[in-house]
Protein chains: 2
Amino acid sequence: MNNITSLYSGNGFGGLDKCNNCPVRGLSFCSALDTLALEEFSALSKTRSFTDGQLILTEGEVNEYIGSITEGIVKVYKLLNDGRQQIISLGFPGDMLGNIIDAEYNYFVEAVGKVKICLYRVSRIASFAATNPEIYLSILGKTNQQLSHARDWLVLLGRKTAKEKIASFLLLLSEHHLGSETDQAFKIPLKRQEIADFLGLTIETVSRNFSSLKNQQLIREQAGHMLIIVDYSALKNIS
Amino acid sequence: MNNITSLYSGNGFGGLDKCNNCPVRGLSFCSALDTLALEEFSALSKTRSFTDGQLILTEGEVNEYIGSITEGIVKVYKLLNDGRQQIISLGFPGDMLGNIIDAEYNYFVEAVGKVKICLYRVSRIASFAATNPEIYLSILGKTNQQLSHARDWLVLLGRKTAKEKIASFLLLLSEHHLGSETDQAFKIPLKRQEIADFLGLTIETVSRNFSSLKNQQLIREQAGHMLIIVDYSALKNIS
DNA sequence: TGCGCCATTTGATTTATATCAAAAGCTGTT
DNA sequence: AACAGCTTTTGATATAAATCAAATGGCGCA
C-alpha cells in the first residue's frame, strides 16, 4: 500500500503558517475562508508528497480524504475490464482531488512526476462546515469547474479529429504553464501513451500527429520534451 | 425567444402544496430541506412547460436560473464552430439543470418531448442559503453526480466501440425507465441522429448496430420505437 | 387512399485511425 | 564507449466507422 490511506497517518504539520505560505493560496477550495476560519481549517490539514507513477487514490477504496494539489500534476483515470484506459482529467496545482459525497473513490489518481497534496479528512470537513458553511460553496465551485472541463472533453472525445485533439491538448497545457511570459517553452509532462489515453487515441496516432504539426511548423520540440508553440493562433484554429 | 428567460415572467404558482405534490419530491436538490425550509424555498419556485424541440437554455445567455426537471427528458449539448454536435448529458426527472456558479450558460438545453421544469432564480438561492446552508450541500450532491456521469461518458467516448456504446446507451435508458417491472418495453426517446450525437457516432453506424443487436436477438423493437431488452446480461457484457 | 415529408435502413466505397512490425532515439549504467 | 531497456518514430497493412447514395418504412394530412 502506498496510497493516501496508508500514507496519511502520523507526522502532519498543520497550522495557519503553512496555509499562509501555501503555494496555491487563492487557488484552492480553502481560498474562500476568512483568516479566522482558515486558521481552524488549516489545523485539519496534512501535506503528503508522491513520486512519479505513485498511486494516490484507488478505485473502490473508501472515500476518506479530499485533497488539494499544491505542487505537480496528477492524472485521474478509469479502466475497462480488458485494460483499456481513459484519463478523465489532469489535476494541476490548486485543483481539488476527490469529493465529499461518494462512499468510495470511483477512479484512480496517479502522480505525474513529483506531487504534493494537502489533505483533509472528509468527516472533518462535515464538522467544520457546521460553523463554516461557505466551505461547501467553495467545494461546489471546484466541482462545477471540473464538470465544465469534463464536458469540454466530451466534445473533444466525441467529435474532434486526432489532429484537433492534439492541438487542444497542447493549448490546455500552455494555459497551465505558469513559467515566464517570455519563455514560451514548456515541458510536456505526459508520455506519448498517456497523451493517447487522455485523447482516446493510440500512441502511434499521437506520434504521427506531433510529427505532422512539427512539419507544418506550428510547434517545435527541443531536448527533453520541451515544447514551443510556434504559431499559437494557427493551433487554436485547428483545435 | 422561447427559452427560460423569456418564459419565466409572470404566473408562477409557488407554495408548499406544489412542492409536496411534486412528482420528483425526494429526487431533486430541494429534497434535503426540512418542512419549514421547504415551505420558504417552495415560494421561490415557478414551474414551466416546454414542448418537443424547444430550447430551454442557450449558450452565452446570462445564468439567471437553476432548475429541476419534474417531468420529461432534456438533452444538454455543445456545438463546434462547423456545426458538429455533442450531447454531453441527458436530463431525467429529478436532475438539476444549470448551476449557481457560472456567469453564463455554456451549453444548450433542449426539451425531448414534453418537459416540465421547476425554476429558481440563482440570486434567490444565494439569499435563501444564508439561513439554509444545507441547500449548497444538496446542490453539490447533484453536481457531483453529474460529474460522475460525465466521467463515465468520457470512458465510453474515448475507449468503447460502436456496439459497446449502443449497449451502454440502452442500459442507461433502461435504468431511467420507471415503468412497471413486468413490462420491460420502453420507448427510446431520442431519434437516431440524437443517439449518434450522444455516442460520438454517425446515424448510419447507430442504425447498423441496432440492426446487428436485433439480429443477435439481444433486443427487439416494436411499433413506435418501443424497445425490449431480450438478453439483459448479454447486453451488459457487451457494454 | 394516396401523397409528401421525414426518419431509418441498407449497400458500396472511402478514409481516418488502429494494428502490426521494425527502426531509431534517449538515458542511465558499467 | 558500449550496452540494456526504455520511449518514440516511421512504415506497411487492416479495419472500424465515416461518407456517399439509394431504397424502404412511417405517419400525418389533403
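In this predicted model, A:K78 and B:D152 form a salt bridge whose closest N and O atoms lie 2.8 Å apart, a salt bridge being a side-chain nitrogen of Lys or Arg within 4 Å of a carboxyl oxygen of Asp or Glu. Side chains of opposite charge can pair when their charged atoms come close. A further salt bridge joins A:R159 to B:D197, with the closest N and O atoms 2.9 Å apart; this pair crosses between chains, from helix 5 (residues 134-159) of chain A to helix 7 of chain B. Helices (H or I, at least four residues) and strands (E, at least two) are DSSP runs, numbered from the N terminus.

| Residue in chain A | Residue in chain B | Closest N and O atoms |
|---|---|---|
| A:K78 | B:D152 | 2.8 Å |
| A:R159 | B:D197 | 2.9 Å |

Residues are numbered from 1 along each chain as its sequence is written, while chains are lettered from A and ligands numbered from 1 in the order in which they are written. Local features need pLDDT of at least 70, side-chain atom pairs count only at pLDDT 80 or more, and totals for chains, interfaces and linings use all residues, whereas side-chain values use heavy atoms, with hydrogens and water left out.

**The interface of chain B and chain A**

Contact, meaning heavy atoms within 4.5 Å, links 40 residues of chain B with 40 residues of chain A. The area buried between the chains is about 3,700 Å², and carbon and sulfur atoms give 64% of that area; buried area is the accessible area (1.4 Å probe) that two parts lose on being put together, summed over both. Of the area that chain B buries against chain A, B:R151, B:L154 and B:R159 supply 22%, more than any other three residues.

On the side of chain B that touches chain A, strand 4 (85-91), helix 5 (134-159) and helix 7 (192-199) of chain B each supply at least two residues, and helix 5 of chain B gives the most, with 19 residues.

**Helix packing within the chains**

In chain B, helix 6 (residues 162-176) packs against helix 7 at an angle of about 105°, with their axes 11 Å apart, which makes the two helices roughly perpendicular (angles of 65 to 115 degrees count as such, under 35 as roughly parallel, over 145 as roughly antiparallel and the rest as oblique). Axes are lines fitted to C-alpha atoms, for helices over the stretch in contact, and angles run from 0 to 180 degrees between N-to-C directions. Here B:K165, B:I166, B:F169 and B:L172 of helix 6 meet B:I195, B:F198 and B:L199 of helix 7.

In chain A, the axes of helix 6 (residues 162-176) and helix 8 (residues 203-215) come within 10 Å and cross at roughly 75°, and these helices of chain A are therefore roughly perpendicular to each other.
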